[in-house]
Amino acid sequence: MTNTTLNLQTAPGHEVLAAAGKKMLRPGGKVATEMLFEWADFQPGETVLELAASFGYSSIALAERFGVKVVGVENNPDSVVRARANVAAAGLGDRVEIVEGDILHLDRISQQFDWVLAEAILTMQSRSGKAKILSGIGDRLKPGGKFLSHELLARNRESEIHKALSEVTRANSTPLSESGWIAVCQNAGLQVEKCQTGAMGLLNFRRMLEDEGFAGTARILWNVFSCEQIRDRILAMRRVFQDYQQDLGYIIICATKQS
């Protein structure tokens with residue numbers, strides 16, 4: 001079932017994908033996220049700030065798997081309500097907190113954390129927006145704390161890709177090159193310790209089966225083919241992904257706050 005209150009013609013691409021039933025919206029899929037977690041080697045009791053927590057699924061999974069304490073920040077009030085309900089249903093109210101807030105104003109969160117996690121968030125910001133958020137991330141990290149990032153990579157033709165993606169996603173999709181991502185992190189005082197890149201497979205059928213499972217993939221396909229507006233938007237995004245498949249990828253980064 002899709003969200004009937006969403007304007008599917010003008011909504012950002014990630015909201016259209018979510019309306020189709022897609023839960024994994026990261027360009028590198030579960031494989032890339034799991035590599036980030038392997039790098040992190042989270043320890044029970046450590047604290048994590050997750051940016052753009054959406055419905056709370058990732059925050060809940062982190063707390064359940066690793067015994068960490070998570071604060072998820074989310075700007076959409078409806079998503080905050082749903083995320084809090086999901087946390088309550090999971091019985092994790094003592095380990096997961098969802099706060100309503102703007103990731104461009106992380107100074108409104110007073111706590112400092114061992115980890116900050118941001119996946120498929122910075123890509124949607126302008127260069128100045130990226131710099132502002134990364135500066136806020138540095139302020140929210142404890143000394144020696146680490147930032148985990150998972151974003152869209154543009155190996156070449158950055159300006160061309162930005163224009164094409166922005167048109168089909170109805171959002172300011174601005175992926176950077178590997179050197180560009182490393183530079184914006186380091187300019188914010190975050191020393192990149194580990195970095196990995198790979199192919200972007202967000203709407204690849206095989207990757208979808210891996211990320212969403214058979215039942216989830218079947219549900220997505222049903223929603224796509226039964227709703228013309230969802231179908232048109234997703235097929236337009238898929239065409240751009242295919243046109244630039246040699247230049248689009250994902251990047252994951254682990255960076256440490258410099259003293």
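At 16% relative accessibility, Arg207 counts as buried, the term denoting under 20% relative accessible area, with exposed meaning over 50% and partly exposed the range in between (1.4 Å probe, protein chains only). The structure is a predicted model, in which local features need pLDDT of at least 70 and side-chain atom pairs count only at pLDDT 80 or more, whereas totals for chains, interfaces and linings use all residues. Residues are numbered from 1 along each chain as its sequence is written, and side-chain values use heavy atoms, with hydrogens and water left out.

The side chain of Arg207 meets that of Glu210 in a salt bridge with an N to O distance of 4.0 Å, a salt bridge being a side-chain nitrogen of Lys or Arg within 4 Å of a carboxyl oxygen of Asp or Glu. Both residues lie in helix α8, 3 residues apart, or about one turn of the helix; helices (H or I, at least four residues) and strands (E, at least two) are DSSP runs numbered from the N terminus. Glu210, at 45% relative accessibility, counts as partly exposed. Helix α8 spans residues 205–226 and also holds Leu209, which is partly exposed at 32% relative accessibility. Together with Phe205, Phe214, Leu221 and Phe225, Leu209 forms a nonpolar surface patch with about 550 Å² of accessible area. Patches are made of residues with over 30% relative accessible area and no salt bridge, like charges being joined within 9 Å and nonpolar side chains (Val, Leu, Ile, Met, Phe, Trp, Tyr) within 5 Å; accessible areas come from the Shrake-Rupley method with a 1.4 Å probe, and for residues only the protein chains shown count as cover.

The structure holds 10 salt bridges. One of them joins Glu119 to Arg26, with the closest N and O atoms 3.2 Å apart, and this pair links distant parts of the chain, since Glu119 is in strand β4 (residues 113–119) and Arg26 in the loop between α1 (13–19) and α2, 93 residues away. Both Glu119 and Arg26 are buried. Lys163 and Glu167 form a further salt bridge, the closest N and O atoms being 2.9 Å apart; these two residues are 4 residues apart in helix α6 (residues 158–169) and are therefore separated by about one helical turn. Lys163 is exposed, with a relative accessible area of 52%, whereas Glu167 is partly exposed at 47%. Arg157, Glu160 and Asp247 are linked in a network of salt bridges.

Thr33, in helix α2 (residues 29–40), is buried with a relative accessible area of 6%. Leaving aside neighbours within four places in sequence, Thr33 is in contact (heavy atoms within 4.5 Å) with Arg26, Glu119 and His150. The C-alpha atoms of Thr33 and Leu148 are separated by 9.4 Å, although the two residues are 115 residues apart along the chain.

With a disulfide defined as a pair of cysteine sulfur atoms within 2.5 Å, the count comes to 0 disulfides. The sulfur of Cys195 is 8.9 Å from the closest cysteine sulfur, in Cys185, and is therefore too far for a bond. Cys254 is also in no disulfide, the nearest cysteine sulfur, that of Cys185, being 10 Å away. Cys195 is partly exposed at 29% relative accessible area, whereas Cys254 is buried at 2%.
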